[in-house]
Amino acid sequence: MTADFSQPEIVHFDSAPIPVNHVLRRLGYRRPEDVDPGIGALLDEEMRRAEGLFSPGGVCRFLKTAPHAPDGVAFENSDFTIKSRQVARLLSAADVAVVFMVTIGPGLEAAMDGLLKAGQTTNAFILDAIGSETADALADELHWNRLKAEAHRLGYSVTPRFSPGYGDWSLEAQAEIMLLCGGGRIGLS
């Protein structure tokens, strides 16, 4: 991965490991030993199913920030702006920002829809938790491992991740990010 400011960059993942402890927390369990044996069997079944469904990918865009305003962030050579006081504070000292998107691919969602149509709601709920937590783990991998390494190589540090829908950053910003990053290139819509 290199900081190319001219265009979005496709990110490849070799795998998408399931973060089991996070899945358990999403399902309401504090510890693995708290899981009911029946639910544990369903969880094992859905984890096996999920592993064959992932086609992970990502896309990111490096942007140079323009002079900051207290209510948002603008970027050089781009019409893209972030309208958020919280993001403006987070990026107040930044001269570079990275906008990115990740996906586990469409396979899990299709399988979940099939489970719902078959009346297997519990299985679908578990599969949804697996997918959500695995997608979040991919975002962590890209953010904390790959982008942090590139930032350090360039003499920068990284801030925590902040997504549309957090705080005062509107969820509708996802549409702009899709265009900015070219999310369609990795199957996002």
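## Elements and fold

Helices (H or I, at least four residues) and strands (E, at least two) are DSSP runs, numbered from the N terminus. This is a predicted model: local features need pLDDT of at least 70, side-chain atom pairs count only at pLDDT 80 or more, and totals for chains, interfaces and linings use all residues. Residue numbers start from 1 along each chain as its sequence is written, and side-chain values rest on heavy atoms, without hydrogens and water.

The chain holds six helices and five strands. Their order from the N terminus is β-α-α-β-β-β-α-β-α-α-α. The C-alpha atoms fill a box of roughly 55 × 30 × 30 Å along the principal axes.

## Packing and contacts

The chain has 189 residues, and 39% of them count as buried (under 20% relative accessible area, 1.4 Å probe, protein chains only). Residues 24 or more positions apart account for 71% of them.

## The largest pocket

A pocket is an open set of points on a 1 Å grid over the protein atoms alone, where a 1.4 Å probe fits, with protein on both sides within 12 Å along at least five of seven lines; lining residues have an atom within 4 Å of a point. The largest pocket is lined by 44 residues. Val-98, Val-99, Phe-100, Arg-161 and Phe-162 lie nearest its centre.

Four elements each supply at least two lining residues: α3 (85-90), β5 (96-103), α5 (121-153) and α6 (173-181). Of these, α5 gives the most, with eight residues.

Technical notes
Buried < 20%, exposed > 50% of the residue type's maximum accessible area, 1.4 Å probe, protein only. Contact = heavy atoms within 4.5 Å.
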